[in-house]
Amino acid sequence: MAELLKKKKHINVITAEFKPYWEQLFADNGIDNPAFFAKLCYQGSEFESTDGRKSECVRFFPNELSKNQDLFIELFDWYDKPYEEGHRNLYRLKNKPDWKTAKNFCSEVTLKSDGTSLPFVTYAVRVSDLELVSRNKIETAYPELTKISTKEETPQQKLNLGEFKTVDMSAFDDSIRLDAEELPFTEKEDNHYAQMTIRDIYCIVNKVPLSNKKWLNALIDEGKKWQK
């Protein structure tokens, strides 16, 4: 309770603290000047269902939703910490030019919980309408893209991020993979060297596939075969 009663940081301060963690991911994937925001996630009644259950929500200012570009968001809790305990998650809200008139997309918020008027209008959006693009353990030094599975996806589909080009090869069956001999000039999955962790370096030096990166483990295994 004492922690909850501490003076809260301004949302711009939290955004400034959170953003550097994601900058390498943006840079590696050609995302220039991303619209990034830290947002408080809360249990809101703006989209209350017939059974009275609340929804996880975030709020946006009108000028943010009107930027005419995708918005990237990291959620925080009432303690000003990443919302999911033990993880840093990056979400994307796809550009929606008709956001104000789109059915069931957002809800205008003009009143505080005590019924008094807010000094400005905001719009609540359900977290379920955001797209998770990167989920990382809190101790991970550099974030990676996360493959999202949906019922409609086939193994050949990947998360469509425009400039993002990372493909989760684990979604493909080994029997339909093409190896380096078949496609010698095809660009393979890779990362900037700045994204290497101590674990990655250990695995590379000792040639053991124990990295948190599946593609690096596969590369080490393939490298052993080539050296035999």
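Predicted model: local features only at pLDDT ≥ 70, side-chain atom pairs only at ≥ 80, totals over all residues.

Reader: OK, which strand does Val121 lie in?

Author: Val121 lies in strand 7, which covers residues 117-126.

Reader: And is Val121 buried, exposed or partly exposed?

Author: Val121 has a relative accessible area of 32%. Buried would mean under 20% and exposed over 50%, so Val121 counts as partly exposed.

Reader: How far apart are Val121 and Phe60, in sequence and in space?

Author: They are 61 residues apart in sequence, and their C-alpha atoms are 9.1 Å apart.

Reader: Nice, back to strand 7 then. What about the overall fold?

Author: The protein chain has 4 helices and 8 strands. From the N terminus on, they run α-β-β-β-α-β-β-β-β-β-α-α.

Reader: What order do the strands take in the open sheet?

Author: The open sheet has 4 strands in the order 1-4-5-8, with mixed pairing. Strand 1 (35-40) and strand 8 (131-137) are at the edges with a single partner strand each, so one side of each has no neighbour in the sheet. The twist from one strand to the next averages 25 degrees.

Reader: How do strand 5 and strand 8 run, and how many bridges join them?

Author: They run antiparallel, and 6 bridges join them; strand 5 is residues 87-93. Arg88 stands opposite Asn136 in strand 8.

Reader: So what does helix 1 touch on the sheet?

Author: Helix 1 (residues 11-28) packs on the sheet and touches strand 1, strand 4 (71-76), strand 5 and strand 8. Its direction makes about 130 degrees with that of strand 1.

Reader: Last one: what are the totals for the chain?

Author: Buried residues make up 32% of the 228 residues. The chain exposes about 15200 Å², and carbon and sulfur atoms supply 52% of that. Among contacts between residues at least 6 apart in sequence, 55% join residues at least 24 apart.

Terms used
Residues numbered from 1 in each chain as written. Heavy atoms only, no water. Helix = DSSP H or I, 4+ residues; strand = E, 2+ residues; numbered from the N terminus. Buried < 20%, exposed > 50% of the residue type's maximum accessible area, 1.4 Å probe, protein only. Contact = heavy atoms within 4.5 Å. Areas by Shrake-Rupley, 256 points an atom, 1.4 Å probe, with all protein chains shown as cover. Pairing = 2+ DSSP bridges. Axes fitted to C-alpha atoms, helices over the stretch in contact; angles between N-to-C directions.
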